[in-house]
Protein chains: 2
Amino acid sequence: MQNFEYCNPVRIVFGKGQIARLAELIPQNAKILMTSGGSSIHHNGVYEQVMEALRGRHLLEFRGIEPNPRYETIMKALKLVQAEKIDFLLSVGGGSVLDGTKFLAAAARFEGEDPWDILAKNAEVKTALPIGCVMTLPATGSEMNGFSVVSRESTEEKLAFWSQQVFPVFSILDPEVTKTLPNRQVSNGIVDTFVHVCEQYVTYPVDTPIQDRQAEGVLLTLVEEGPKVFADPDNYDVRANLFWAATVGLNGWLGQGCVQDWATHAIGHEITAFTGTDHAQTLALVLPALWKHQRREKEDKLVQYAKRVWNIEGENRDAVIDAAIEKTVEFFKSVGIDASRRAYGVTDEVCRKIADVFLARGTVLGERGNITGNEVYEILQLAAA
Amino acid sequence: MQNFEYCNPVRIVFGKGQIARLAELIPQNAKILMTSGGSSIHHNGVYEQVMEALRGRHLLEFRGIEPNPRYETIMKALKLVQAEKIDFLLSVGGGSVLDGTKFLAAAARFEGEDPWDILAKNAEVKTALPIGCVMTLPATGSEMNGFSVVSRESTEEKLAFWSQQVFPVFSILDPEVTKTLPNRQVSNGIVDTFVHVCEQYVTYPVDTPIQDRQAEGVLLTLVEEGPKVFADPDNYDVRANLFWAATVGLNGWLGQGCVQDWATHAIGHEITAFTGTDHAQTLALVLPALWKHQRREKEDKLVQYAKRVWNIEGENRDAVIDAAIEKTVEFFKSVGIDASRRAYGVTDEVCRKIADVFLARGTVLGERGNITGNEVYEILQLAAA
C-alpha cells in the first residue's frame, strides 16, 4: 500500500424526504444564494421542496448554470454574491451546478486579482464560502469531493481545480428525485461512475485488498442494478444503490493507497472538446480501447477484474482479458451506451487532432506515464469503429 | 436502503514515516498535552519520533491512561489541562488512550457540573478540545470515529458516549510501529475488527449491495492477511492492510443505511466485567453462539456470508450456516484465539449473573430486539464449553 492522506468532511444526508432537513442544516442567519441550472428542478418537485424547507429565510436565487459550467456565467453570479453580501451557497441540481458553485465559492473569497487564476495558474484557495448541496443526479460524485471543472467560453478552455475548501458542508441525496431523470442522464451516470472506479482500480497492484474489493463491490453493484433501473424506473432501492455508487465512486475512498490512472478521462475530455460528445459516452468509447492497448501494463488487475467482476477465469490470460473487455462493452450497451467512433463523429482527422493536442502539450498519461499523443492515436484506432 | 446521515471529518495520515508530519498537523502556537498509556511507546521508537517532530513546541505530558481507561485517571489529567491552559490534546497509543483522551477533551469544555454526566446521563457535548492521534494498535477503530468507552472504578461502571465533537482532527497510522506489538494484541485486534464488521453486516437484508460487499471485503482481507502476520511479522503490507481494516471496520462507513446488531458486544462487555477476559476474546466466544441462536433471524445474511466469505453453498441452508460458523471459529483459532467458557472462567453461575444484569435493566438486544436476559443465557449455553 502506498502512503496516503484523506480528509472528507462532507455531511451526507441520504434518503427519502431529506430535503426538508435544509432548514436545520443551513445556519439560521445565513444570507443564502441558491444556484441552479435548467428547468428540471421545476418539474420534479425539488424546487418546491427547497422553497418549503427555507420559507422565511434570507434567500436569493441564481439560475442558469449550464452543463459544463462556464466561467462567464459564474462571474455574473459573483457580482450578485458581492452585491448582496451572500455568505452561504446552496447548489440545487447536478454535478455541473455544483462544480460551478464550488468555483463561485472560491472566487468569492479569492484574494488575488483574477479568480481564473484558480483554474489557469493553480492559485491557492485559502478559504471559500460554505456550500450546501441538494444533488439531483447520480454521476459525478461532486457531492462528496473537492473537485470542480469549469469552462471558459472566450478561450475555449476547460480546466479543473481541487481544494479542501470547496468540499460541500453537507450534501442531501434523495433517491426519489432521480426517478424522473431522462434515460440518457441515467445511462451517462452509470457509465461515468463505472469508469471513475476503473480509473482508481484497473492499474497495477500495490497490495491493497480492501480498496480493490470496495472497487469491485461498486462495479458489481452497477452491473446488477444498472439494467434494473430501465426495467423498473420506480424502484426506490435501485435508485438508492445507484446514487450511493456514484458518491462512493469518486469520494476518494476507493483509491486511497492505490495507483491511479485517469488517462481515459483525459482522452475523453478532448473528444468532447472536438465533437461535443457526452462525457460518459467518450469514456465508454475510450476505456475498452485503452485496456486493449495497455493489456500488458494492466495485466494483473485486468485478470483480477475479469475474475471478480465477470467470473471469467482461464489459463490464457489474453483470452480472459479479451472476454472481460467484451463483457464491459456489453454492459455499457445494456445500460444504453453503444459507443463507436462513427456514432460520435470521431473521424480519423479528429483522432489526429486529439493526438496532436497531447503531443503539443508534452503530456504523458497513464499510471506508468507511457501514453503520449502517439499512443493516444493508437488507442483511438482500437476503439469501436 | 435505510435513510442515514454520515459525517466523518478525521484527516487520516497513513503510512511509513508519517509521525514526522505532527509538526505541521498541530497548530504552531498550540499548548499541547500529550497523553499516553504504559511503556510500549518507549520501546518501539514512537515516543522518540513524536518528541523529534515536536521539538521546541509547547508540550506537556500525561502518562498512565490504562487499558479500559478510568474516569479517575482522566480527572487527574483534567486538572493538568486546566492548570496549564492546554488547548490541544495529542493521544499517542492505542484505543484506550484515545478513548480516555476523547473524554478528557469533552470534559475540559463541559459546561455542566460533573463531566461524568456525559457518560451517565448522556449530557450534550457542545464543544471539546481538538484531538490529534498517533494510533499504535489496529483494533478499535477509535482513530476515525466519535466513540469513547470509559470506566469508573469507584462504581464499577463502564459507559460509552459518542459525539461529533470528539472525532480526532487527524490520526496518523504508521503500520511500521505495529511490528513490535505482542501477539496477543495483534490477535485481539484482528478478532475485534472482524466482529465490528459482522455487527454491521450479519443482520437482515435491506438491499445494501455496496455496503455488504465493503463489509465482505474487510472480512476476506482479515481471513487472508490475519494468519500471515504471525508467519511473517515484518511484512509491511500485511501490517498496513490489517491497520486499514481496523479503521474501515469501525469508521461508520460500512454500516450506513444498514440494519446493525451489536448484541455480541453488549454480552461480551458483561463477560469482561465479571471475569476480566480480554474484550476480543469475549467476542470470539459469543459471536458463533449468537449466530447459532439467531440463525432464523439472520438466515439470509448468514447464507450470504457463507457464500461470499467462505465459498460455502448448498441446498441445506442450515448445513451451510453451520459450516460457516465452524469456519469462523477456525479462523479465530488460526489467529490465536481459541475461545471457550472454561478457558475464561465463564461458569454457569457467571452466565446466570450476566443474564440477570440484562433482565434487571430490561435491555433488549439485537437488530430485531428479541434478545432479553433469558436469550442471553441460552446464547451463552450454546458457546463452546
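**Strand pairing and the A–B interface**

Biologist: In this predicted model, how do strand S1 (residues 4-14) of chain A and S1(B) run, and how many bridges join them?

Modeller: Strand S1 of chain A and S1(B) run antiparallel. Within this pair, Phe4(A) stands opposite Phe14(B). The number of bridges joining the two strands is 7.

Biologist: Which residue is the bridge partner of Leu89(A) in S5(A)?

Modeller: Strand S4 (residues 88-93) of chain A is joined to strand S5 (residues 131-135) of chain A by 5 bridges, and the two run parallel. In S5(A), the partner of Leu89(A) is Ile131(A).

Biologist: What area is buried between chain B and chain A?

Modeller: In this interface, 41 residues of chain B contact 41 residues of chain A. Carbon and sulfur atoms give 54% of the buried area. That area is about 3800 Å².

Biologist: Which element gives the most to the side of chain B that touches chain A?

Modeller: The count between the chains is 6 salt bridges, including Glu5(B) with Arg21(A), whose closest N and O atoms are 2.5 Å apart. Strand S1 (4-14), helix H8 (209-231) and helix H9 (236-249) of chain B each give two or more residues to this side. The element giving the most, with 11 residues, is S1(B).

Note on methods
Residues are numbered from 1 along each chain as its sequence is written. Chains are lettered from A and ligands numbered from 1 in the order in which they are written. This is a predicted model: local features need pLDDT of at least 70, side-chain atom pairs count only at pLDDT 80 or more; totals for chains, interfaces and linings use all residues. Side-chain values use heavy atoms; hydrogens and water are left out. Two strands pair if DSSP finds at least two bridges between them. Helices (H or I, at least four residues) and strands (E, at least two) are DSSP runs, numbered from the N terminus. Contact means heavy atoms within 4.5 Å. Buried area is the accessible area (1.4 Å probe) that two parts lose on being put together, summed over both. A salt bridge is a side-chain nitrogen of Lys or Arg within 4 Å of a carboxyl oxygen of Asp or Glu.
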